[in-house]
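Let's take a walk through this fold together. Have a look at the chain first, and then we'll start with a single residue.

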Amino acid sequence: ALVTTPMPPVYEVGFIGLNGLSVRQTKRGNLHANGGPHEWVDVDADVEPSKPNTPIVRNLVRRMIEAFPAAKSVQLLRTWAGVLDITKDQKTIIHRFAHPEGLLAAAGGGHGFGMAPAVGIAMAELTLQGKTNAPVGPLSLDRFAGIQSTWKADKKWNAGSYNT
């Protein structure tokens, strides 16, 4: 992701382009852009992933200028990146552990922000009442029991392929 210096208003809505770019303009005028699936890579969960690099930032800036030529005149303030964890089936996890009692886990499956209100209600009910009417049973970690370590090769899974 990146943020530019402020510029005059370009548009009033968020933009999601065919080039894998999403851009919004802040009230102050900064452009805030995210690179999308072009930079998504498969990483090992137990190893520190590599940090954003200059070619990735250049690619993001190039695509932003293609979508918004006016952005060519602004300066880049900062960039950052993070790892987006996606489950094998690309679904949210809501799990109640048997031990220790009361331990709950929730994780987004790529749509965490959009599902947050519903997941929050279900988690609150599970925490306070021990049950919920939301159909969260299929989102349990139990659905991964018996998965072979070769599942990526078996399914011909490639990082980013679920979002392109």
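## A threonine to start with

Which residues does T132 touch, not counting residues up to four places away in sequence? They are A122, E125 and L126, where touching, or contact, means heavy atoms within 4.5 Å. Before going further, note that this is a predicted model: local features need pLDDT of at least 70, side-chain atom pairs count only at pLDDT 80 or more, and totals for chains, interfaces and linings use all residues. Residues are numbered from 1 along each chain as its sequence is written, and side-chain values use heavy atoms, with hydrogens and water left out.

Back to T132, which sits in the loop between α2 (112–129) and α3 (151–155). With a relative accessible area of 18%, T132 is buried; the label means under 20%, while exposed means over 50% and partly exposed is in between, using a 1.4 Å probe and protein chains only. The side chains of T132 and E125 are joined by a polar contact of 2.4 Å. T132 also has a side-chain polar atom 3.1 Å from the backbone nitrogen of A134. (A polar contact is a pair of N or O atoms within 3.5 Å; within protein, one must be able to donate a hydrogen and the other to accept it, and residues adjacent in sequence count only if both atoms are side-chain atoms.) As for A122, it is ten residues from T132 along the chain, and their C-alpha atoms are 5.9 Å apart.

## The whole chain

Zooming out, the protein chain has three helices and seven strands. Both are DSSP runs numbered from the N terminus: helices are H or I with at least four residues, and strands are E with at least two. Read from the N terminus, the order is β-β-β-β-α-β-β-β-α-α.

Of the 164 residues in the protein chain, 27% are buried. The chain exposes about 11,400 Å², and carbon and sulfur atoms supply 57% of that; the areas come from the Shrake-Rupley method with a 1.4 Å probe, and for residues only the protein chains shown count as cover. Take the contacts between residues at least 6 apart in sequence: 59% of them join residues at least 24 apart.

## An open sheet

Five of the strands make an open sheet, ordered β2-β3-β4-β1-β5, with antiparallel pairing. β2 (15–16) and β5 (76–79) are at the edges with a single partner strand each, so one side of each has no neighbour in the sheet. Two strands count as paired if DSSP finds at least two bridges between them. S22 has N34 as its bridge partner in β4, and V23 stands opposite A33.

In a regular strand the side chains alternate between the two faces of the sheet. β3 has V23 and Q25 on its covered face, and S22 and R24 on its uncovered one. Five residues lie between the strands in the hairpin of β3 and β4, where G29 takes a positive phi near 115°.

## Around strand β1

T4 lies in strand β1 and is buried, with a relative accessible area of 2%. Its contacts, not counting residues up to four places away in sequence, include N30, M64 and L77. A polar atom of the T4 side chain lies 3.0 Å from the backbone nitrogen of L31.

P6 is in the loop between β1 (2–4) and β2. At 36% relative accessible area, P6 is partly exposed. P6 touches R28, G29, N30 and V74, again not counting residues up to four places away in sequence.

The largest nonpolar core has twelve residues, including L2, V23, A33, L60 and F68. Such a core is a set of buried Ala, Val, Leu, Ile, Met, Phe, Trp, Tyr and Cys residues joined through side-chain atoms within 4.5 Å. β4 (31–34) and α1 (54–67) are the elements that give two or more residues to this core. Apart from it lies another core of eight residues, among them I94, L126, V136 and L139.

P100 is in the loop between β6 (93–96) and β7 (104–107).
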